[in-house]
Amino acid sequence: MTSKTLITLACLFAIAFALLGLGHCGYGKIDSMLTLENKAASIREEFPGVEHIEIGTLALLLDGDSSNSILLVDSRSPEEYAVSHIPGAVNLETLEAVKAHLDGKADPPSDIIAYCSVGQRSAILADQLKKSGFETVSYTHLTLPTKRI
């Protein structure tokens, strides 16, 4: 083999080993970050002042709410809302939109529950609502719990 071929092969091996090393370290971190449990825990840590409720608890609350005292806020985009949403939910993505929705209501809701796909957007909105003086605010997500096999 020529010296140019040897240098090329050495460079390719070095690059391959470097990529394998990065992949081994980097992908493991990414993989652990992307689990639903880790994301949910991260959101709870980021917003400790806002109550998180499980989707099953939300179903029970909505089933028992004959007085319609719960405002269910879908904090996802209008496009996501159009595809699917919980019956009775209103699509309000921002604090200002929620305030506008409630403005002039004679009988404000006793509870506001925000939801989204993973929990990040609903936690942000719930936190903003809480900081704006709304007392009974919580959030949830629509992602089904999963276990790794």
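Me: Before I count anything, what counts as a helix or a strand here?
Reply: A helix is a DSSP run of H or I with at least four residues, and a strand is a DSSP run of E with at least two, both numbered from the N terminus. Please keep in mind that this is a predicted model.

Me: How many bridges join S1 and S5?
Reply: Two bridges join S1 and S5 in the parallel sense, and Glu51 has Ser138 in S5 as its bridge partner.

Me: Let's switch to H2, then. Which of its residues are buried?
Reply: In helix H2 (residues 36-46), the buried residues are Leu36, Ala40 and Ile43. They lie on the same side of H2, because the arc they cover around the axis is only 60°.

Me: Why would residues three or four places apart point the same way?
Reply: An α-helix has 3.6 residues a turn, so residues with a spacing of three or four places point the same way.

Me: What do the buried residues of H2 pack against?
Reply: They pack against H6 and strand S5 (137-141).

Me: Why does Leu36 count as buried?
Reply: Leu36 has a relative accessible area of 15%, and buried means under 20%, so Leu36 falls within that cut-off. The C-alpha atoms of Leu36 and Gly119 are separated by 9.9 Å, although these two residues are 83 residues apart along the chain.

Me: Now H5: which residues are buried there, and which exposed ones sit on the face turned away?
Reply: In helix H5 (residues 95-102), Leu95, Val98 and Leu102 are buried. These residues are on the same side of H5, because they cover an arc of only 65° around the axis. The face of H5 turned away from that buried side carries the exposed residues Glu96 and Ala100. The buried residues of H5 pack against S2, S4 and H6.

Me: What follows H5?
Reply: H5 is followed by Gly104, whose phi is positive, near 85°.

Me: One more residue. Where does Ser122 lie, and is it buried or exposed?
Reply: Ser122 lies in helix H6 (residues 120-131), and Ser122 counts as buried because its relative accessibility is 0%.

Me: What does its side chain reach, and what does Ser122 touch?
Reply: The side chain of Ser122 reaches the backbone oxygen of Gly119 at 3.2 Å. Leaving out residues up to four places away in sequence, Ser122 touches Ser75, Ala114, Tyr115, Cys116, Tyr139 and Thr140.

Me: Last one, on the protein chain as a whole: what share of its residues is buried?
Reply: Buried residues make up 29% of the 149 residues in the protein chain. The accessible surface of the protein chain comes to about 9800 Å², and 63% of that belongs to carbon and sulfur atoms. Among contacts in the protein chain with a separation of 6 or more, 66% are between residues 24 or more positions apart.

Notes:
Residues numbered from 1 in each chain as written. Predicted model: local features only at pLDDT ≥ 70, side-chain atom pairs only at ≥ 80, totals over all residues. Heavy atoms only, no water. Buried < 20%, exposed > 50% of the residue type's maximum accessible area, 1.4 Å probe, protein only. Contact = heavy atoms within 4.5 Å. Areas by Shrake-Rupley, 256 points an atom, 1.4 Å probe, with all protein chains shown as cover. Polar contact = N/O pair within 3.5 Å; in protein donor to acceptor, adjacent residues only side chain to side chain. Arc of directions from axis to C-beta. Pairing = 2+ DSSP bridges.
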